[in-house]
Amino acid sequence: MHLEQLATQPDFWEDQQNAQKHMRELDEVKHQINQLSQWQDVLKDANATIELYDLEPDQEMLEESQAGLSQLSQDLD
C-alpha cells in the first residue's frame with residue numbers, strides 16, 4: 001500500500017502535521033477494507049446457509065442468515 005510505504009520513509013515524520021494526516025488516511029482505508037471483508041464474510045455465510053438449507057432445511061439457521069443479511073443491508077444503506 002502506498003501510504004504504508006510512505007510512512008516508512010526516513011523523512012516522513014519531519015512534517016508532523018502532514019504525517020498525521022497521512023496516518024489518519026491510512027487508518028480510514030484500513031477500516032474500510034476491514035468493513036468490506038466483514039461484509040464479504042456475511043455473504044459467504046449466507047451462501048453456505050442456502051447450500052445447507054437445500055440439503056437439510058433448518059428454519060433457525062435460515063433466520064440467522066436472514067438477520068445477518070438484514071444487518072448487511074442496513075450497513076450498506
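**Figure 1. Salt bridge between K30 and E4.** In this predicted model, the side chains of K30 and E4 form a salt bridge with an N to O distance of 3.3 Å; the term denotes a side-chain nitrogen of Lys or Arg within 4 Å of a carboxyl oxygen of Asp or Glu. The pair joins distant parts of the chain, 26 residues apart, with K30 in helix α2 (residues 16-55) and E4 in helix α1 (residues 2-7). Helices are DSSP runs of H or I with at least four residues, strands are runs of E with at least two, and both are numbered from the N terminus. K30 is partly exposed at a relative accessible area of 41%, and E4 is likewise partly exposed at 34%. Buried means under 20% relative accessible area, exposed means over 50%, and partly exposed lies in between (1.4 Å probe, protein chains only). The structure holds one salt bridge. Side chains of opposite charge can pair when their charged atoms come close.

As the model is predicted, local features need pLDDT of at least 70 and side-chain atom pairs count only at pLDDT 80 or more, whereas totals for chains, interfaces and linings use all residues. Residues are numbered from 1 along each chain as its sequence is written, and side-chain values use heavy atoms, with hydrogens and water left out.

**Figure 2. Negative surface patch including E63.** E56, D58, E60, E63 and E64 form a negative surface patch. Patches are made of residues with over 30% relative accessible area and no salt bridge, like charges being joined within 9 Å and nonpolar side chains (Val, Leu, Ile, Met, Phe, Trp, Tyr) within 5 Å. Asp and Glu count as negative, Lys and Arg as positive, and His and the chain ends are not counted. The place of a charge is taken as CG of Asp, CD of Glu, NZ of Lys or CZ of Arg. Accessible areas come from the Shrake-Rupley method with a 1.4 Å probe; for residues, only the protein chains shown count as cover. E63 lies in helix α3 (residues 59-76) and is partly exposed, with a relative accessible area of 44%.

Figure 3. I33 belongs to helix α2 and is partly exposed at 47% relative accessibility. The C-alpha atoms of I33 and Q20 are separated by 20 Å, the two residues being 13 apart along the chain. L76, in helix α3, is exposed with a relative accessible area of 53%. Between L76 and W39, 37 residues apart along the chain, the C-alpha separation is 9.1 Å.

**Figure 4. Chain context of the close-up views.** The protein chain comprises three helices and zero strands. Its C-alpha atoms fill a box of roughly 60 × 20 × 15 Å along the principal axes. Buried residues make up 14% of the 77 residues.
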